[in-house]
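Visitor: Hi, could you walk me through this structure?
Guide: Happy to, here it comes.
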Amino acid sequence: LKIASAAMAARCRLAARFHHVHGTNVRLDASRTLATRVESFANGLCFSQEPLAPGQIFLVEIEEKELGWCGHLRVGLTAHDPQSLEVVPEYSLPDLVNMGDTWVFAITRSHNRVVVDGEEAPVRSPPWEPYLLIERVRIPRDTLVGRSRPGRYSHILDDLYKMNVLPATARRSRIGVLYAPQPDGTADMHIVINGEDMGPSARGLPTGRPLYAVVDVFASTKSVRVIPVDYGFPSLQTLCRLVIQKHIVHRLAIEGLDLPPLLKNFCQHE
């Protein structure tokens with residue numbers, strides 16, 4: 001079991017960076033964890049370095065935005081090995097999707113779950129729960145949640161601060177994608193936005209082929225960073241934050257608590 005866990009951890013670390021094959025307008029940093037679109041609004045297609053394991057999330061944080069463009073980040077999965085692409089498509093939608101065996105969705109400010117006819121939307125678990133459960137997949141929630149840096153008037157400007165949740169397309173928002181195997185041998189693709197599962201966004205994905213994460217740094221999204229996800233137990237520090245946040249109305253209220261400054265800072269954002 002320890003060997004299997006170590007192998008999974010090593011694979012997760014390896015996949016938690018971008019593939020060296022990417023769109024012509026993308027520049028990667030030396031670690032290949034930061035992708036920036038340097039010009040125009042397109043040709044920002046990126047892929048995970050390795051295919052994802054079942055239940056393994058590929059998580060990115062929006063690092064920088066660019067005003068003047070319409071449209072936002074696009075994420076998904078593809079069965080195409082990036083290395084096999086003669087030319088990286090200009091767009092994930094529709095170009096890469098039209099090549100087949102690719103499932104990509106645009107992230108919007110009001111991104112909603114995709115529900116099949118007759119199926120009820122999954123019950124949203126409380127934000128203080130330490131794990132996000134997606135079918136049989138259990139992921140530590142704290143890493144999945146993006147946190148803004150609250151200012152004096154943040155609660156007036158954006159009511160979403162009251163729920164400790166960022167808009168999906170905001171700077172520092174965290175977006176992830178994974179696939180969950182099904183009994184019939186296929187898989188469902190799930191998109192996770194700031195710790196909330198959007199439900200199955202696509203069904204019937206082939207599990208017999210490697211599936212790579214797709215991240216399209218498109219339009220108003222200028223730069224994104226890969227966030228490694230540790231599937232181990234939450235730290236004591238993280239559990240303390242969850243308990244504190246459970247008992248306050250608003251993150252700004254943390255400032256008035258009798259807590260060490262470092263713990264206040266950690267509870268408010270990072």
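Guide: We will talk about aromatic rings, and then about a sheet.
Guide: This is a predicted model, where local features need pLDDT of at least 70, side-chain atom pairs count only at pLDDT 80 or more, and totals for chains, interfaces and linings use all residues. Residues are numbered from 1 along each chain as its sequence is written, and side-chain values use heavy atoms, leaving out hydrogens and water.
Visitor: How many aromatic pairs are there?
Guide: The whole structure has 5. Rings of Phe, Tyr and Trp (its six-membered ring) pair if their centres lie within 6.5 Å; planes under 30 degrees apart are stacked, over 60 edge-to-face, the rest tilted.
Visitor: What about Phe-41 and Trp-69?
Guide: Their ring centres are 5.0 Å apart with planes at 40°, so this pair is tilted.
Visitor: And Phe-41 with Phe-218?
Guide: Those centres are 6.2 Å apart and the planes stand at 70°, so that pair is edge-to-face.
Visitor: Is Phe-218 buried or exposed?
Guide: Phe-218 is buried, at 7% relative accessible area, while Phe-41 is partly exposed at 28%. Buried means under 20%, exposed over 50%, partly exposed in between (1.4 Å probe, protein chains only).
Visitor: Which charged end sits over the ring of Phe-218?
Guide: That of Arg-74, 3.8 Å from the ring centre. The rule is NZ of Lys or CZ of Arg within 6 Å of the ring centre and within 35 degrees of the ring normal.
Visitor: New topic: in what order do the strands of the open sheet run?
Guide: The order is E3-E12-E5-E6, with antiparallel pairing. Strands are DSSP runs (E, at least two residues), numbered from the N terminus, and two pair if DSSP finds at least two bridges between them.

Methods
Helices (H or I, at least four residues) and strands (E, at least two) are DSSP runs, numbered from the N terminus.
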